[in-house]
Amino acid sequence: PEAWRRADQLLERASNPLSKFFALQILEDLAKQRWKVLAVQQRAQVKQYAVGLAIKLSSDETLLRSNKVLLRKLNAVIAHIIRQEWPKLWTSFIPEIVAASRTSEPLCENNMEILCILSEEV
């Protein structure tokens, strides 16, 4: 149940893409099943880490293409977090995603992927 606390370390240090995918699976399960039981500060940290990693991995075209599978999984994690947080707890989500999309084309492309995941579930 506490494996999510080490997911960030695994994502940063692992060289095997399968290990990174496993860490993202742990975060996805956390966002799906245990999000509401986390303390507010813990939720904020996980959300900040996931969004920061997505920005990092989609900051340029080369990174975006080389991490496509991991980014898809990370986008699913972020989508689950958005479902739990928006609109009541993450009121600034829409302005944030719009502002971030203006910074670079690869980041805009990834943000569209996140919105697509959200729209498919609605």
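These are my notebook entries on a single chain, read from a predicted model.

**Entry 1: overall fold**

I began with the secondary structure. I counted seven helices and zero strands in the chain. Read from the N terminus, the elements run α-α-α-α-α-α-α. The radius of gyration is 14 Å, close to the 14 Å that the globule rule gives for 122 residues, so the chain is as compact as a globular protein of that length. I also noted the box that the C-alpha atoms fill, roughly 35 × 35 × 25 Å along the principal axes.

**Entry 2: contacts, surface and charge**

Buried residues are 41% of the 122 in the chain. Among contacts with a separation of 6 or more, 64% link residues 24 or more positions apart. The chain exposes about 7300 Å², and carbon and sulfur atoms supply 58% of that area. I then turned to charge. There are 17 positive and 14 negative charges, and their mean positions are 6 Å apart.

**Entry 3: the core**

Which residues have the most contacts inside the largest nonpolar core? I found W4, L27, V46, L74, I78, I81 and I82, in a core of 31 residues. At least two core residues come from each of helix 1 (7-13), helix 2 (17-34), helix 3 (40-57), helix 5 (68-85), helix 6 (93-101) and helix 7 (105-121). Helix 5 gives the largest share, eight residues. As a general point, nonpolar side chains in soluble globular proteins tend to be buried together.

Leaving out neighbours within four places in sequence, I81 is in contact with A31, W35, V46, K47, A50 and W90.

I looked up E85, which sits in helix 5. Is E85 buried or exposed? Its relative accessible area is 7%, so E85 counts as buried, the cut-off being under 20%. Beyond four places in sequence, E85 is in contact with W35, R43, K47 and W90.

N75 is also found in helix 5. I read a relative accessible area of 2% for N75, which is buried. What does N75 contact beyond its neighbours within four places? I listed N110, E113, I114 and I117.

**Entry 4: Q25 in helix 2**

Q25 lies in helix 2. I found 25% relative accessibility for Q25, so this residue counts as partly exposed. I then checked the spacing of Q25 and L74. They are 49 residues apart along the chain, and their C-alpha atoms are separated by 8.7 Å. L74 is one of the residues I had already noted for contacts in the core.

**Entry 5: L53 in helix 3**

I moved to L53, in helix 3. At 9% relative accessibility, L53 is buried. Not counting residues up to four places away, L53 touches L11, E12 and L74. How far apart in space are L53 and E12? I read 9.6 Å, C-alpha to C-alpha, for a pair 41 residues apart in sequence.

**Entry 6: a cis peptide bond**

Last, I checked the backbone. Most peptide bonds are trans. Where W86 joins P87, I found a cis peptide bond, with omega about 10°. P87 lies in the loop between helix 5 and helix 6.

Definitions and conventions:
Residues are numbered from 1 along each chain as its sequence is written. This is a predicted model: local features need pLDDT of at least 70, side-chain atom pairs count only at pLDDT 80 or more; totals for chains, interfaces and linings use all residues. Side-chain values use heavy atoms; hydrogens and water are left out. A nonpolar core is a set of buried Ala, Val, Leu, Ile, Met, Phe, Trp, Tyr and Cys residues joined through side-chain atoms within 4.5 Å. Buried means under 20% relative accessible area, exposed over 50%, partly exposed in between (1.4 Å probe, protein chains only). Helices (H or I, at least four residues) and strands (E, at least two) are DSSP runs, numbered from the N terminus. Contact means heavy atoms within 4.5 Å. The radius of gyration is taken over C-alpha atoms; the globule rule is 2.2 Å times the number of residues to the power 0.38. Accessible areas come from the Shrake-Rupley method with a 1.4 Å probe; for residues, only the protein chains shown count as cover. Lys and Arg count as positive and Asp and Glu as negative; His and the chain ends are not counted. The place of a charge is taken as NZ of Lys, CZ of Arg, CG of Asp or CD of Glu.
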